[in-house]
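Subject: Structure handover

Hello,

Here is the structure I promised to pass on. Please open it before reading further. My notes follow below.

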Amino acid sequence: MSDIKSHTFDEAFVTEGDDTISAPTVAYQSWGSLNEARNNVIVVCHALTGNTSANEWFHGIIGPGKALDPEQHFIICPNSLGSCYGSSGPVSLDPETGQPLRADFPEITIRDMVRLQQQLLDHLQIASIELVIGGSMGGMQALEWSIMDDRPQASILIGMGKEHSPWTIGISHAQRQAIFNDPNWEGGYYSSEKPPRKGLALARMIAMISYRTDGDYRNKFGRLLQDGSDDYQVESYLNYQGGKLVDRFDAVSYVRLTQAMDSHDVGRDRVSSKDALQEVDIPVLVIGTDSDLLYPVHEQQELAQLLPNGRYHEIESIYGHDAFLIEFEQMNNIIAPFLAETSTPTIYS
């Protein structure tokens with residue numbers, strides 16, 4: 001069991017875009033205990049609408065006897081900058097007005113997220129990181145961790161590539177346009193009584209189509225109608241998923257995080273993607289899913305080939321991009337041997 005903790009820094013945080021976030025806060029959860037050397041650490045980076053509760057959304061690989069074992073490791077999952085689950089983001093209160101910042105919260109990048117997480121681990125006096133792991137947006141963070149910090153001794157990158165492709169940028173753009181065209185959007189300065197629910201729900205529906213596959217939807221829904229309705233079951237499912245997200249997520253956070261994902265490009269402001277990746281000399285496991293439509297496996301294969309100590313494994317699944325949150329038996333079978341190979345002996349307190 002783990003409680004959500006947070007740390008607020010006294011010094012302001014300056015984004016890559018030169019915007020200032022005063023007294024930035026990072027929320028996080030952890031499992032297990034730090035050893036005496038403070039180096040038995042696994043950092044878990046979450047996806048777009050994820051949160052600090054990695055033991056829930058990654059339940060199949062976190063736990064005693066599983067790939068990420070809190071009896072052996074100190075596992076920590078920070079909430080990303082820009083999210084709405086405790087870290088500084090659009091729902092944070094403006095100290096001058098006492099109202100949520102909403103659209104006054106600046107655009108951020110994946111590297112901004114990682115830099116704030118680095119500060120958290122500095123505060124916790126983490127000397128070394130056994131593993132940093134993440135899928136989708138979390139994988140982008142894990143990759144930048146591997147480039148930007150010398151503490152990770154290994155990393156696992158799931159369901160993403162070296163950059164956000166035109167395909168994924170286009171899908172992100174369509175989702176944001178759904179939000180922007182909600183009558184309650186008002187430039188991102190909506191009230192809590194009138195949030196852009198319809199726009200955010202539609203954005204989630206677009207995302208849910210990209211996360212799965214034709215085969216999955218055929219198996220799950222076919223052309224069946226929902227009981228007592230003229231709606232197809234797939235329509236009812238997407239309506240449900242859209243409504244479910246608006247009850248737990250903020251629209252501006254969704255916009256800022258998808259913009260951050262679009263910023264993902266390891267070659268940006270560096271010599272090149274190839275040069276940046278060639279500097280990563282730690283073991284890196286890259287995991288793809290054969291049916292992933294959003295981030296096709298050629299992106300993960302390319303990433304593994306460009307990393308000096310990269311290796312590639314593939315999940316076989318009908319579930320598409322979401323497979324890394326579903327196919328836990330395959331995930332454990334891939335991750336556990338890699339972690340056993342790359343982990344160094346630790347001294348427990």
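Which residues does Asp 292 touch, not counting residues up to four places away in sequence? The contacts are Gly 159, Gly 320 and His 321. Please keep in mind that this is a predicted model.

**Active-site annotation**

I began with Asp 292 for its annotation. UniProt, in an unreviewed entry, lists Ser 136, Asp 292 and His 321 under "active site". These residues are spread over 186 residues of sequence, yet they cluster in space, with a largest C-alpha distance of 11.1 Å. From this set, Ser 136 and His 321 belong to the lining of the largest pocket.

Asp 292 sits in a loop, between strand S9 (284–289) and helix H10 (297–306). Its relative accessible area is 5%, so Asp 292 is buried. A polar atom of the Asp 292 side chain lies 2.9 Å from the backbone nitrogen of Leu 294.

His 321 is in another stretch of loop, the one between strand S10 (310–315) and helix H11 (328–342). His 321 counts as buried because its relative accessibility is 4%, and the cut-off is under 20%. Leaving aside neighbours within four places in sequence, His 321 is in contact with both Ser 136 and Asp 292.

**Largest pocket**

How much space lies in the largest pocket? About 730 Å³. The lining consists of 35 residues. Those nearest the centre are Thr 49, Arg 204, Arg 248, Asp 322 and Leu 325. Helices H1 (54–57), H4, H5, H7 and H8 each give two or more residues to this lining. H5 gives the most, with five residues.

**Helix H5**

Helix H5 deserves a look of its own. H5 runs over residues 197–211, which is 15 residues. From first C-alpha to last, H5 reaches 21 Å, close to the 21 Å expected at 1.5 Å a residue. The buried residues of H5 include Gly 199, Leu 200, Ala 201, Met 205 and Met 208. What covers the buried part of H5 includes helices H4 (166–180), H6 (214–220), H7 (233–246) and H8 (251–262).

**Binding-site annotation**

For "binding site", the unreviewed UniProt entry lists Arg 204 and Asp 322. They are spread over 119 residues of sequence but cluster in space, with a largest C-alpha distance of 13.8 Å. The lining of the largest pocket includes Arg 204 and Asp 322.

Arg 204 is in helix H5. With a relative accessible area of 11%, Arg 204 is buried. Leaving aside neighbours within four places in sequence, Arg 204 is in contact with Thr 49, Tyr 211, Gln 241, Gly 242, Leu 245, Arg 248 and Tyr 254. Thr 49 and Arg 248 are also among the residues nearest the pocket centre.

Asp 322 lies in the loop between S10 and H11, and His 321 is found in that loop too. Asp 322 counts as buried at 11% relative accessibility. Asp 322 touches Tyr 211 and Arg 212, not counting residues up to four places away in sequence.

**Two more residues to check**

Gln 259 is in helix H8. Is Gln 259 buried or exposed? Gln 259 counts as buried, because its relative accessibility of 17% falls under the 20% limit. A polar contact of 3.0 Å joins the side chains of Gln 259 and Arg 256. Gln 259 also touches Glu 107 and Arg 176, not counting residues up to four places away in sequence.

Asp 275 lies in helix H9 (residues 273–278). At 39% relative accessibility, Asp 275 counts as partly exposed. Its side chain makes a polar contact of 2.7 Å with the side chain of Ser 272. Asp 275 and Leu 306 are 31 residues apart along the chain, and their C-alpha atoms are separated by 9.0 Å.

Best wishes

Definitions and conventions. Residues numbered from 1 in each chain as written. Predicted model: local features only at pLDDT ≥ 70, side-chain atom pairs only at ≥ 80, totals over all residues. Heavy atoms only, no water. UniProt positions renumbered as here; feature names shortened; annotations may be inferred. 1 Å grid on protein atoms, 1.4 Å probe; cavity = no way out; pocket = protein on both sides within 12 Å on 5 of 7 lines; lining within 4 Å. Helix = DSSP H or I, 4+ residues; strand = E, 2+ residues; numbered from the N terminus. Buried < 20%, exposed > 50% of the residue type's maximum accessible area, 1.4 Å probe, protein only. Contact = heavy atoms within 4.5 Å. Polar contact = N/O pair within 3.5 Å; in protein donor to acceptor, adjacent residues only side chain to side chain. Expected span 1.5 Å × (residues − 1). Points joined across faces, edges and corners; volume = space filled by probe spheres on them.
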